[in-house]
Amino acid sequence: MSRDLLAKFAPLIAEREKLKAFQPDPLDVTMEKVLSPTEAIVNGRRTILAGTNNYMAMTFDPDAIAAARAALDRFGTGTTGSRILNGTYALHRRLEETLARFYDRRHAMVFTTGYQANLGIISTLAGRGDYVVIDADSHASIYDACAMGQADVVRFRHNDPEDLAKRLRRLPEDAGKLVVVEGIYSMLGDRAPLRELVAATREFGAQILVDEAHSMGFCGEHGRGIAEELGVDKQVDFIVGTFSKSVGTVGGFCVSDHPYFEVLRFVCRPYMFTASSPPSVVASATVAIDKLARMGEERRALWRKVQRLHAGLKAMGFALGTETVESPIVAVCLPDQDKLFGMSAALLDEGVYVNVARPPATPKGMFLLRCSLGLGHTDEQVDAILEAFARAGRRLGLPVTGTPPCASAASNA
Amino acid sequence: MAQSIDIEAHRETFRRIAALMDPFNPKGVTITPQTTFAGDLDLDSLAVMDLVAAIEDEFDIVIPLNILPELETVGEVAAAVDRIREESR
């Protein structure tokens with residue numbers, strides 16, 4: 001008798017059963033009702049969402065919603081086909097033009113998800129005989145792109161330009177080389193030293209792709225991301241991004257000035273062999289990106305809120321993923337899995353949702369409560385999050401010191 | 001050209017790799033060419049990649065990550081290192 005194909009997951013199933021001891025179950029969170037970009041009903045309780053990627057609060061933007069409604073009425077619920085067959089509507093073209101303008105690039109290519117954008121672009125750019133050189137802490141979509149592609153894969157130490165240079169130096173001079181990094185890393189919220197990484201890439205004649213998924217909308221003068229903020233965006237060959245964070249819907253993209261870029265539409269399988277994004281999604285993304293381009297002063301409000309959360313958690317003695325604020329992501333480092341799930345469950349009980357992140361999704365075997373804020377969070381909500389951390393931490397017996405900076409806030413109870 | 005590498009050189013490669021493995025061997029397993037990364041050393045894929053980075057630096061070579069699924073034992077990695085050094089000569 002042949003072996004049951006799912007039997008190999010028995011240890012995982014056993015572990016999952018054990019984790020059900022933590023209630024409310026952090027691995028079984030359902031948003032029963034979504035009230036706003038920052039609040040939902042979870043387990044029947046009004047809950048502050050402090051673990052989303054809704055950085056610019058676009059999910060309930062009235063103009064984006066109106067555009068999505070209109071597109072739904074005019075173009076229907078879906079395209080039922082690939083971009084290279086029947087799935088390119090005028091809406092998709094307009095979105096690509098909007099993106100090219102937003103990034104000041106000649107070409108833009110839209111994918112159905114951000115995951116597919118990385119999967120497709122990286123696996124297609126770097127082919128047999130080429131090298132793809134990735135940061136060790138790269139997102140799963142980058143690792144999966146490497147597994148799918150035919151290129152040889154080399155990994156360099158996280159955010160270490162010298163290590164990148166050392167590894168590039170070992171590669172054959174004439175081989176094609178694609179360096180892949182992220183602007184902001186989604187788990188710890190740390191930034192890439194892009195100036196130095198770009199310099200190392202240039203020194204060895206390689207090309208560089210930067211994934212700005214977690215930096216679009218609020219980094220740089222035009223909100224293009226970390227490359228713009230550090231003044232090296234014109235030296236970046238390919239920028240990949242997503243609509244599922246600051247843009248508030250779903251989808252992915254790549255922009256570039258490369259003269260041959262358009263050929264990718266006919267060779268990139270995750271672009272070709274999937275249905276294109278539905279009209280409503282495309283319409284809301286177009287409106288949201290246009291709005292992001294025009295947000296100047298508003299962007300800065302986000303940093304003030306993150307500063308408040310970071311300082312508050314630090315004052316209570318929590319170990320954080322970054323010493324100072326580097327992004328809207330504030331990761332709280334916990335010693336082990338029991339504390340991680342204990343804290344997460346206690347926070348849900350207190351009416352606060354944060355992301356649970358653990359190895360292998362996290363670097364260096366870290367157990368993280370990943371908090372992230374968006375423009376939608378009020379100061380009162382930030383204080384309520386801090387209060388909840390203080391109470392949950394004490395319940396778990398963590399050494400929580402002092403009180404949150406603003407003790408007025410049991411406002412969400 | 002695995003045949004052209006003499007046995008003493010191969011042993012030396014193995015010894016140098018074994019010497020790098022302390023941080024990846026908290027249980028103090030005796031390292032032999034047959035020691036497996038997943039089974040004997042209980043290393044996850046990230047730890048294996050970190051070990052590979054250390055080996056690359058020790059020998060100043062490139063070990064592409066895509067060949068890792070074929071390398072289950074320390075001996076197999078030593079053989080791959082010898083082959084890569086031979087090819088890059």
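The model is predicted, with local features needing pLDDT of at least 70 and side-chain atom pairs counting only at pLDDT 80 or more, while totals for chains, interfaces and linings use all residues. Residues are numbered from 1 along each chain as its sequence is written, and chains are lettered from A in the order in which they are written.

**Chain B: fold and dimensions**
- Chain B has 3 helices and 0 strands, where helices (H or I, at least four residues) and strands (E, at least two) are DSSP runs numbered from the N terminus, and its pattern along the sequence is α-α-α.
- The radius of gyration of chain B is 12 Å, which agrees with the value near 12 Å for a compact globule of 89 residues; the radius is taken over C-alpha atoms, and the globule rule is 2.2 Å times the number of residues to the power 0.38.
- Along the principal axes, the C-alpha atoms of chain B fill a box of roughly 35 × 25 × 20 Å.

**Contact between the chains**
- Chain B gives 11 residues and chain A gives 10 residues to the contact, two residues being in contact if their C-beta atoms, placed from the backbone, lie within 7 Å.

**Helix α12 of chain A**
- Helix α12(A), residues 337-349, has 13 residues and spans 18 Å from its first C-alpha to its last, close to the 18 Å expected at 1.5 Å a residue, the expected span being 1.5 Å times one less than the number of residues.
- Just after α12(A), Gly351(A) takes a positive phi of about 85 degrees.
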